[in-house]
Amino acid sequence: LNTYYENEEDYIFVMSNDGICKVHAEPEMIDSDITGTFNHDGRNLHDMFVETSKEDEGGFVSYTYNKLDEATVLEKISYTIALDDWDAYLAMGFYTEDLIEVNDLNEHELELQNSKENFIVTIGLTIVIILVLLLIRKGSYLQSELMKQEEAIFSELLKQVTEGIVIMGERKVLYANDKAVTLFGHHVEDTFNRGIEYLKNNDDVYELENENATYYVEISKKNLQYKGIDSEMYLAKNITNTYLQAHNYQRISMIDELSGLQNRRALIRDFTEESTNETCKRVIGLIDLDFFKNVNDSYGHERGDDIIIDLGELFTNRLRKTDKFYRYGGEEFVVSFMNISIIEAKEVLDNLNEEMKQMSLEKYGFKQTFSGGIVSLQKDDSIDLDGYISKADKLMYQAKLKGRNRIEFELDSDNT
């Protein structure tokens with residue numbers, strides 16, 4: 001636009017709402033700040049334009065300004081309108097002197113040809129009609145050019161943004177920038193025609209899988225007019241790196257560093273999620289390594305760490321995929337069984353206790369056992385996780401009192 005209008009008397013100019021010149025016929029005006037420019041009556045020119053441009057259909061501003069390559073300051077009238085989406089306003093105008101010169105010329109001709117009044121009236125009317133037609137034609141041309149320029153500016157702006165932009169109207173994609181094609185693949189229109197809600201995962205983040213990669217994005221929507229069509233603009237922000245980092249941190253926070261087992265945080269999360277499954281029989285147990293302090297004192301803490309790791313691997317390899325094993329803290333662990341009776345759960349733990357005893361004897365020369373207590377979760381029970389752990393802890397204490405190396409439990413109505 002600056003190249004098109006450079007040094008032209010008839011030109012449009014575009015100013016941002018903060019007073020920075022973006023388009024002007026005078027190259028030295030580009031990127032200059034006009035907020036300090038005042039009219040002859042002391043009013044701020046920029047404020048006058050901003051105020052008038054925000055009217056419903058724009059308006060006219062009367063002010064004084066110098067002509068190109070002239071030092072003379074003349075009165076000028078400009079029409080201005082806001083470009084809301086770009087935080088700017090556009091204007092163009094004419095000098096009143098030019099109209100006065102035309103008017104003076106007509107008056108002189110009227111005086112010279114006073115005797116030919118009818119002929120002059122006819123000529124005058126003809127001139128007026130021609131001028132009106134020229135103004136209409138020029139107005140239509142300017143409007144057409146302005147629309148083309150607005151569309152060019154709009155398209156260029158959309159190319160520069162870092163987010164993917166898709167504009168939908170009349171049930172089809174009217175526009176998609178290069179970033180949107182990168183995120184959604186080359187089937188952008190098919191994706192949006194099917195609706196994009198199916199792409200949303202449990203975190204309310206859209207998961208986009210295309211030919212090249214998987215992206216995680218946040219999508220916002222805004223209604224607008226695009227080329228005279230009621231449309232919706234979708235703004236897709238790529239948050240893949242942030243999303244993956246957050247999930248990696250979350251995963252790490254759920255893992256015990258020494259054993260690699262899930263920790264107490266993971267137990268609380270899983271218990272909350274699984275509590276919604278009322279049809280599933282569940283058993284929770286709390287186990288504790290017997291005489292573990294003696295192991296640390298007699299063989300060193302490294303050997304104690306080995307025992308914890310061995311126990312975790314044993315349970316991980318022997319339990320079903322539906323069962324879970326957590327390090328609760330220190331030498332205490334929690335085991336969660338799904339779809340199993342308390343009798344069956346005790347049998348599983350007895351077998352694992354025997355395996356642990358034999359494995360530790362072969363590897364370290366002493367028998368490492370554990371004691372535990374297990375409880376059944378009742379469907380209509382109001383007890384929370386802490387309540388079940390407390391009941392299992394009391395049963396485990398009974399196992400310790402009875403000589404350790406055993407599992408204690410209470411039969412419920414379903415197991416008798």
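User: How are H10 and H11 oriented to each other?
Analyst: First, this is a predicted model: local features need pLDDT of at least 70, side-chain atom pairs count only at pLDDT 80 or more, and totals for chains, interfaces and linings use all residues. The axes of helix H10 (residues 301-318) and helix H11 (residues 342-364) come within 11 Å and cross at roughly 140°; axes are lines fitted to C-alpha atoms, for helices over the stretch in contact, and angles run from 0 to 180 degrees between N-to-C directions. Angles under 35 degrees count as roughly parallel, over 145 as roughly antiparallel, 65 to 115 as roughly perpendicular and the rest as oblique. So the word for H10 and H11 is oblique.

User: Is the crossing of H10 and H11 left-handed or right-handed?
Analyst: Picture the near helix turned from the far one by less than a right angle: anticlockwise makes the crossing left-handed, clockwise right-handed. The way H10 passes H11 is right-handed.

User: How many charged residues are in the contact of H10 with H11?
Analyst: Contact means heavy atoms within 4.5 Å. Residues in H10 including Arg303, Asp306 and Arg318 meet residues in H11 including Glu355 and Lys363. Ala, Val, Leu, Ile, Met, Phe, Trp, Tyr, Cys and Pro count as nonpolar, Asp, Glu, Lys and Arg as charged, and the others, Gly among them, as polar. The contact divides into nine nonpolar, one polar and, for the charged ones, six.

User: What is the strand order in the open sheet of five strands?
Analyst: Helices (H or I, at least four residues) and strands (E, at least two) are DSSP runs numbered from the N terminus, and two strands pair if DSSP finds at least two bridges between them. The pairing here is antiparallel. Strand S2 (21-23) and strand S3 (59-66) pair on one side only, as edge strands.

User: Which residue in S5 stands opposite tyrosine 79?
Analyst: Strand S4 (residues 73-83) and strand S5 (residues 88-95) run antiparallel, joined by eight bridges. Across from tyrosine 79 you'll find methionine 92.

User: How many of the nine residues of H2 are buried?
Analyst: Helix H2 (residues 45-53) lies across strand S1 (12-16), S3, S4 and S5, and its buried residues pack against those strands. Buried means under 20% relative accessible area, exposed over 50%, partly exposed in between (1.4 Å probe, protein chains only). Among the buried ones are Leu45, Phe49 and Val50. H2 is mostly covered, and the buried count is seven.

User: Lysine 227 has a positive phi although it is not a glycine; is lysine 227 buried or exposed?
Analyst: Residues are numbered from 1 along each chain as its sequence is written, while side-chain values use heavy atoms, with hydrogens and water left out. The phi of lysine 227 is about 55°, and this residue is found in the loop between strand S9 (214-226) and strand S10 (229-238). With a relative accessible area of 56%, lysine 227 is exposed.

User: What is the relative accessible area of arginine 404?
Analyst: Arginine 404 is not a glycine, yet has a positive phi of about 70°. You'll find arginine 404 in the loop between helix H12 (385-401) and strand S15 (407-409). Arginine 404 is partly exposed, at 30%.
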